[in-house]
Amino acid sequence: VPVADAQVDRRTADLHAMIRSAAAVGPGHWRGLLARRRGERWLAELVDRTRRGVLPAPTGSALRVIAEHRDEQGRALPRRIAAVELLNVLRPTVAIDRFIVFAALALHDHPAWRHRVRDDDTATESLVQEVRRYYPFFPAAVARVRRPFDWRGNHFPRGRRVLLDLYGTNHHPALWPEPERFRPERFDGRRPNPFELIPQGGGAHATGHRCAGEWITIELMKRAVTNLTSRMRYDVPPQDLAVSLRRMPALPPSGFVITGVRRTA
């Protein structure tokens, strides 16, 4: 998706506003809605230009695939729907910058892992999975009951709003021994089932409310960890790195500020 240099700050701010507005009320929520409308107008124009052949998009790119998609009757997606689908790729990709911040924080707080993950893809994946389990991302998934049911003595009537506690499940002692300890080695040789590790939703991707981009998240985090440990050196100046569970989605107040960045490879 092409972005002119002069637009980078604006587009970045809008995407972050959409992410923050998920748990915001009042002005914060309104800013997110306005940012979403701007984003949809921008992407709808890109889709139109791609369809007219004015804007070349690489084969296999999200923009090209969505712009050229046809339904069973051979019809193209309406421009607004195409824009929404494209935004559904961009927004989550930006949202996982929080996971990358947490990965950097984990490497800072547990420096021994900087050495373990170098040139060891298995250790890198274990670290990434523990970052996803240990640190808070979105705290809960919200839904309404479509069909009434009973579960463990509790009745859920149609229309009842329910919350799936993502953070609580990822820290449940029955599933995770010593859940408040950061221990990436717990994932060595272990593939958790779809209802144990649920930072991006539970169940199956195709049938449940689980993020379809979860494996992309893992790969992007692994690449970030490789960059942080093998391809660059940097200093971490004094800053507030406390993570408050009262902030949704959570993030250290300072983000993760680094200085003196230099390339090593």
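These notebook entries record what I looked up in the structure.

**Entry 1: the whole chain**

I began with the overall picture, keeping in mind that the model is predicted. I found nine helices and six strands in the protein. Along the principal axes, the C-alpha atoms fill a box of roughly 60 × 55 × 40 Å. I then looked up burial: of the 265 residues, 38% count as buried. I also looked up the contacts with a separation of 6 or more, and noted that residues 24 or more positions apart account for 61% of them.

**Entry 2: helices α1 and α2**

Next I turned to a pair of helices. Two packed helices are described by the angle between their axes and the distance between the axes. I took helix α1, residues 8-20, and helix α2, residues 27-51. Their axes come within 8 Å and cross at roughly 130°. Are α1 and α2 parallel or oblique to each other? An angle over 145 degrees would count as roughly antiparallel, and 65 to 115 as roughly perpendicular; α1 and α2 are therefore oblique. I recorded the crossing of α1 past α2 as left-handed.

I then listed the residues that meet. From α1 they are Arg10, Arg11, Asp14, Ala17 and Met18. From α2 they are Arg31, Gly32, Ala35, Arg36, Arg38 and Trp42. By class, this contact of α1 with α2 has four nonpolar, one polar and six charged residues.

**Entry 3: aromatic rings**

I searched the whole structure for aromatic pairs, and eight were found. The pair I examined in this entry is formed by Tyr134 and Tyr135. Their ring centres are 4.9 Å apart, with 85° between the planes, and I noted the pair as edge-to-face. Is Tyr135 buried or exposed? Tyr135 has a relative accessible area of 6% and is buried.

Phe149 is partly exposed, with a relative accessible area of 38%.

Technical notes:
Residues numbered from 1 in each chain as written. Predicted model: local features only at pLDDT ≥ 70, side-chain atom pairs only at ≥ 80, totals over all residues. Heavy atoms only, no water. Axes fitted to C-alpha atoms, helices over the stretch in contact; angles between N-to-C directions. Helix = DSSP H or I, 4+ residues; strand = E, 2+ residues; numbered from the N terminus. Parallel < 35°, antiparallel > 145°, perpendicular 65-115°, else oblique. Left-handed = near helix turned anticlockwise from the far one by under 90°. Contact = heavy atoms within 4.5 Å. Nonpolar A, V, L, I, M, F, W, Y, C, P; charged D, E, K, R; others polar. Phe/Tyr/Trp six-rings, centres within 6.5 Å; stacked < 30°, edge-to-face > 60°. Buried < 20%, exposed > 50% of the residue type's maximum accessible area, 1.4 Å probe, protein only.
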